[in-house]
Amino acid sequence: MKEKILIQRIEEVTGQHYDSPKDFDKLSQQIFFKTEEMVSPSTLKRLWGYIDSASSPRSYTLDVLARFLGYRDYEAFKVDNEHADVQSDITLCDKVSCEDLAVGDLLELSWLPNRLCRVEYLGDGRFRVVEAQNTKLSVGDTFFCSLFLSHEPLFVDKLMHDGNGPFVYVAGKKDGITVRRLRPSAL
């Protein structure tokens, strides 16, 4: 399937693997928000192979998806991706930057399998673990991090763990993490 590279690139850019109806609804909305052109969730499901289809995708659909990635149309995408070993690109995934946080703000970080860590922002890019479940991190550990990206690995610097360190630590190495902001009363 020649559209496989297009699908891979969309998943890379959005930081999302699409495998549920809710995922395709969200992608349809993202596409419309960025391009002001509609591709229905059912069309996306057929293209991704989530539901069976004997027909090939319409050129309109492929053009819109290519525009979602920043190309003029699908032909321009194909020319630019003849060698699809892309090592870098812009990501559209959810993010939290230290610039957006105030001292005392809480983040919830989760990753597979069944890992959960809640951290409090201390200022100047520094965080303290306030809750840890099924992870090597412990309550009271501190680390530095300036940017959290959903569906990407988390790299922290100067981790002080159980009185030892500093270490560099990575979470969600294979499948990435999910990050969300919490209200201080969420603990």
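The chain has 5 helices and 9 strands, taken as DSSP runs (helices H or I, at least four residues; strands E, at least two) numbered from the N terminus. This is a predicted model: local features need pLDDT of at least 70, side-chain atom pairs count only at pLDDT 80 or more, and totals for chains, interfaces and linings use all residues. Residues are numbered from 1 along each chain as its sequence is written, and side-chain values use heavy atoms, without hydrogens or water.

**Fold and dimensions**
- Along the sequence the pattern reads α-α-α-α-α-β-β-β-β-β-β-β-β-β.
- The C-alpha trace spans about 60 × 35 × 30 Å along its principal axes.
- Of contacts (heavy atoms within 4.5 Å) between residues at least 6 apart in sequence, 45% join residues at least 24 apart.

**Burial and surface**
- Of the 187 residues, 41% count as buried, meaning under 20% relative accessible area with a 1.4 Å probe, protein chains only.
- The chain exposes about 11200 Å² (Shrake-Rupley method, 1.4 Å probe), and carbon and sulfur atoms supply 49% of it.

**Charge**
- Lys and Arg count as positive, Asp and Glu as negative; His and the chain ends are not counted.
- Each charge is placed at NZ of Lys, CZ of Arg, CG of Asp or CD of Glu.
- The mean positions of the 24 positive and 29 negative charges are 3 Å apart.

**Cysteines**
- The count is 0 disulfides, a disulfide being a pair of cysteine sulfur atoms within 2.5 Å.
- The closest cysteine sulfur to that of C98 is in C145, 6.4 Å away, which is too far for a bond.
- C98 is buried, at 11% relative accessible area.
- C145 is buried too, at 7%.

Conventions: Buried < 20%, exposed > 50% of the residue type's maximum accessible area, 1.4 Å probe, protein only.
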